Amino acid sequence: MESLSQRKKWYKPHQQHGLVVRLFSYFTISLLLILLLQNLAEIALVKTMLHVPMKVQQNIRVMAEQAQQLIDTGNQQQLGQWEKQQPYYLFVLDKNQHEMGDRKMHPHFAFKLSYARGINAILDSRVNQPIFAIPLKNGNQLMVQLPSQLHPAKYFSFYFGLIQVVIATLILLMFSFLIARYLQRPLNTLREASRSLASGDFSVRVANTVSDSTVEFKSLAADFDEMAEKIQMLSERQRRLIRDVSHELRTPLARHNLSLHLMRKRVASEHQHLVDRLEREAEEMNQLVNEILEFNQLQNTTDNAQLIPIDVESLCLTTVPDIEALLGARQTFTVNIDNNMPLVRGDSRLIVRAVSNLLGNAMKYAGENAHISLITALVDVNGQQFVQLSVEDDGHGIAQQHLKRIFDPFTRIEGARDKQSGGYGLGLAIVKEAMTVMNGTVTAKNRQPHGLIIQLLLPVMDK
C-alpha cells in the first residue's frame, strides 16, 4: 500500500495550472467576449436608432403636402409666410435650388444643400443639424433642417452609459458564475469529506475524487488525505490500546475476585463489610471493562453488521418485565406501544441494549419520584419512514449546552454522574454506536415543563 508522500509525486506541477492563472484566463476570456458584445451592441444601436423619429417624419410629410398646396396657389408671399411659421427651418425650392417663397435663405443653409439626404437616410452618430430633401411636384423640393434637439444621437451618451453598466454587470455575473462553478465542485467534495470525517468515517479520501488539475486543489486534497490517514491511524491505535488494556485487566480482576472469595472465609465477621465493599468495587470494575469492550466492538462492526428484520413491538413487550423489576420504590413506568408497527432492519440485541441503557439512565438520574415512559410511534422524516422509540422522564433534564455532548464516551454532565451513581459515561455512547450500526439515529431534547426525551429512529424495511 503506497503512502500519501508517494501519491503526492503523482501531482506534476508542470502539467497543472495555478489558481491565479486559471482565474486570470477565465477573466480575460470573459472580458474579451463582453467587450466584443459591447461593440456589437453599440453598432446595432447606431444602425437602429440613427433614423429620423417616425413622429418627425410624419410632421415633415404633412408640411410637404401643405407646401405643395401653397405652390399650387402661386402666392409667393403666402408661401414665405408659411415657411416662417413652421417649427423647423425650411424652404421650398424649385428644380434650380432657388427659393419659391419671398423668404431669403441663410448662406450656411445654402451651403449645406449639397449634403441634403432623404428622409429615411441613416444619420451621423454625432449631434448636428442635417437637411432633408422632400420631393414635390415638377422637380420642386421641400428642404427641412432637423433641429439638434431632435437628433437621436442626442441620447446616445445615455444609451452608451446604460450599455456600459449592463456590460459591467454581465462581467461581474459571468466572472462570479465561473468562479463559483469552478470552485464549487472541489469545495463540495472537501466539505462532504470533512463531514464524513467529523462523523467518524476516518477512511474517507478525496485526492482521487477531486478531478481538477489546479495545483492548489490537488495539494489541499493531498493534505486532507494525509490528515485523515493520521487521524485514522491515531484512532485505531487508541481503540487497540483500550481493547488491549481492557482484555489485560480481566486477568488480574479474576485473580482479585478469587482472592476476595478466599479472604471472606478467613476474615472475622466484624470485618466482612470491608470484603463486601471490595467485591462491589471489583464488580463495578468488571462492569466498566465489559462496557469498554462492548463500545469498542460496536465501533469496529459498523461496516459488517448483520441486520435482520425485527418486530420492535414484540421486542419491547418482552423487555418491559425486566425493566420494571429495576424500578425504584416510588418510581412509575408506563408503556405506550403503537400496534401494527412495520418491521425494521436491525439487531435485536442492540435494540434491547439501547432501550435498556436509556431506561436505566432515566431510573438513575430522573429522581426517586420520577415517572418514566416508553413510547413507540411511526414517523416520517424527509420522505422516509422510521420507527421511533422514545424514552421520556419528568426529571430535571439537562442544560441545553450539554445536550450534544451526552453521547460522547466518558461524558458526565451532572454532579450525580459519578461512581456512586453507577455511571461511567459509556451508556449513551453505546446507544449512539448501536444506532450507527443499525443505520439509525439518536437525539435528545428537554421536555416541557421539565424532564428529558431521548428518541431512537430505526429505518423501516423496504416493502
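Two strands are said to pair if DSSP finds at least two bridges between them, where strands (E, at least two residues) and helices (H or I, at least four residues) are DSSP runs numbered from the N terminus. In this predicted model, local features need pLDDT of at least 70 and side-chain atom pairs count only at pLDDT 80 or more, while totals for chains, interfaces and linings use all residues. Residues are numbered from 1 along each chain as its sequence is written, and side-chain values use heavy atoms, with hydrogens and water left out.

| Strands | Sense | Bridges |
|---|---|---|
| β7 (371–381) and β8 | antiparallel | ten bridges |
| β8 (384–393) and β10 | antiparallel | eight bridges |
| β9 (441–446) and β10 | antiparallel | six bridges |

Within β10, Leu456 has Leu389 opposite it, and Val442 also stands opposite Leu456. The hairpin of β9 and β10 has five residues between the strands, and there Gly451 takes a positive phi near 120 degrees.

Strand β10 (residues 452–459) is mostly covered, with eight of its eight residues buried, that is, under 20% relative accessible area with a 1.4 Å probe and protein chains only. In a regular strand the side chains alternate between the two faces of the sheet. Leu452, Ile454, Leu456 and Leu458 point one way from β10, whereas Ile453, Gln455, Leu457 and Pro459 point the other way, and all are buried.

Note on methods. Buried means under 20% relative accessible area, exposed over 50%, partly exposed in between (1.4 Å probe, protein chains only).
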